[in-house]
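This report goes through selected local features of one protein model.

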Amino acid sequence: MQKPQRLKKGDKIGIIAPASSPNQKALEKSLAFLTALGLEYEFGKTAHSEYGYLSATDDLRKADVEDMFRREDIAGIICACGGYGSARYTDTLDFELIRQNPKIFWGYSDITFLHNALQRHADLVTFHGPMLGSDIGHDTFLEQSAAQFQQLFTPTALVYDDCFYAGIETVVEGVAHGKIVGGNLSLLASAVGTDYMPLTAGNLLLIEDVDEEPYRVDGMLNQLRMAGVLNEVSGVIIASFSGAEPKKRKKSLTLDEVFAHYFASLQVPVVKGVQIGHCQPHFALPLGVNAVLDATNCTITIEAGVQ
């Protein structure tokens, strides 16, 4: 797996909206954060456009991704937001172009589909972290989350434990090794049976989501179970599932009961309550790198994502 080159002061970042259109006020407000990091920036063609529930047509969004990878003056790509639609053109991307021009690619949520595709077909380590219009441009964005971007400037092994945020809990004890793969559960479930599902065998599966009721999470985990995904992982990291309170049904299993049903009997290490995803603070991490999950002591140690 290729690790992209680290950033340095003065580098230019490409800003794209490869799924839906971002909140423009929040996007504008977020730019001061990039400046404070010592970075320049340039908007792609999709950052300010809108096309229904998408930022632009599939062809334009695909071209924006490829152009940013092709350009030698762009050192990294940060997504403005997620939403919906990355999967609509992913199978048409020029993965060889991306493989030959590896660089930092950062985002989460719907961007999960692109993360997994770039890892599988361009052999590229990518970054799961807070985005400009979705997170950074809002008053709720915390300094603790902002500090996560420092990993892009210096190769740094990351450690997640109670020092970052109290609340990580053991579901199944043990220690597991493997590459961290995964991301948004909805996108993972939709990728089952395609060439854009991450390689989960022997690896650590990360899952997160937002505004999905327990019965919906149950259905998506059952899809992974029936596809054989859960039986082949080396460990599971259950991250943020904010907004998961039952709404549609008066009677419901709790989210913890759903997790226990699918993970308690897996006989691999599992933790829950990890602050990754639609949450603050938001721990950012590279996907596709080696990591160690110590579910007994509730720590996750992650290899640096840049070189």
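## A serine before strand 10

Which backbone oxygen lies 3.4 Å from a polar atom of the side chain of Ser 234? It is the backbone oxygen of Gly 202. A polar contact here is a pair of N or O atoms within 3.5 Å; within protein, one must be able to donate a hydrogen and the other to accept it, and residues adjacent in sequence count only if both atoms are side-chain atoms. The model is predicted: local features need pLDDT of at least 70 and side-chain atom pairs count only at pLDDT 80 or more, while totals for chains, interfaces and linings use all residues. Residues are numbered from 1 along each chain as its sequence is written, and side-chain values use heavy atoms, with hydrogens and water left out.

Ser 234 sits in the loop between helix 9 and strand 10. Helices (H or I, at least four residues) and strands (E, at least two) are DSSP runs, numbered from the N terminus. Ser 234 has a relative accessible area of 16% and is therefore buried; buried means under 20% relative accessible area, exposed over 50%, and partly exposed in between, with a 1.4 Å probe and protein chains only. Leaving aside neighbours within four places in sequence, the contacts of Ser 234 (heavy atoms within 4.5 Å) include His 177, Gly 202, Asn 203 and Pro 269.

Ser 20 belongs to the loop between strand 1 (12-16) and helix 1 (24-36). Its relative accessibility is 11%, so Ser 20 counts as buried. The side chain of Ser 20 reaches the backbone oxygen of Tyr 53 at 2.8 Å. Not counting residues up to four places away in sequence, Ser 20 touches Tyr 53, Leu 54, Ser 55, Cys 81, Gly 82, Gly 83 and Tyr 84.

The N-terminal end of helix 1 is capped by Asn 23, with a side-chain oxygen 3.0 Å from the backbone nitrogen of Lys 25. After helix 1 comes Gly 38, whose phi is positive, near 85 degrees.

The buried residues in helix 1 are Ala 26, Leu 27, Ser 30, Leu 31, Phe 33 and Leu 34. These residues are on the same side of helix 1, because they cover an arc of only 160 degrees around the axis; the arc is that of the directions from the helix axis to the C-beta atoms. An α-helix has 3.6 residues a turn, so residues three or four places apart point the same way.

Among the elements covering the buried residues of helix 1 are strand 1, strand 2 (40-43), strand 3 (76-79), helix 6 (132-136) and helix 7 (143-146). On the other side of helix 1, Lys 25, Glu 28, Ala 32 and Ala 36 are exposed.

The axes of helix 9 (residues 214-226) and helix 10 come within 9 Å and cross at roughly 10 degrees. Axes are lines fitted to C-alpha atoms, for helices over the stretch in contact, and angles run from 0 to 180 degrees between N-to-C directions. Helix 9 is therefore roughly parallel to helix 10, a label for angles under 35 degrees. Residues making the contact include Val 217, Leu 221 and Arg 225 of helix 9 and Val 258, Phe 259 and Phe 263 of helix 10.

Of the 50 residues in the largest nonpolar core, Phe 105, Ile 207, Leu 221, Phe 241 and Phe 263 touch the most other members. Such a core is a set of buried Ala, Val, Leu, Ile, Met, Phe, Trp, Tyr and Cys residues joined through side-chain atoms within 4.5 Å. Leaving aside neighbours within four places in sequence, Phe 263 is in contact with Val 172, Ile 207, Leu 221, Leu 230, Val 236, Ile 238 and Val 270.

## Loop residues

Lys 250 and Gly 243 are both placed in the loop between strand 10 and helix 10. Lys 250 has a relative accessible area of 88% and is therefore exposed. The C-alpha atoms of Lys 250 and Pro 281, 31 residues apart along the chain, are separated by 31 Å. For Gly 243 and Glu 212, also 31 residues apart along the chain, the C-alpha separation is 6.7 Å.

Pro 281 lies in the loop between strand 11 (270-272) and strand 12 (285-287), and a cis peptide bond with omega about -5 degrees joins Gln 280 to Pro 281. Gln 267, in the loop between helix 10 and strand 11, has a positive phi near 65 degrees.

Definitions and conventions:
Parallel < 35°, antiparallel > 145°, perpendicular 65-115°, else oblique.
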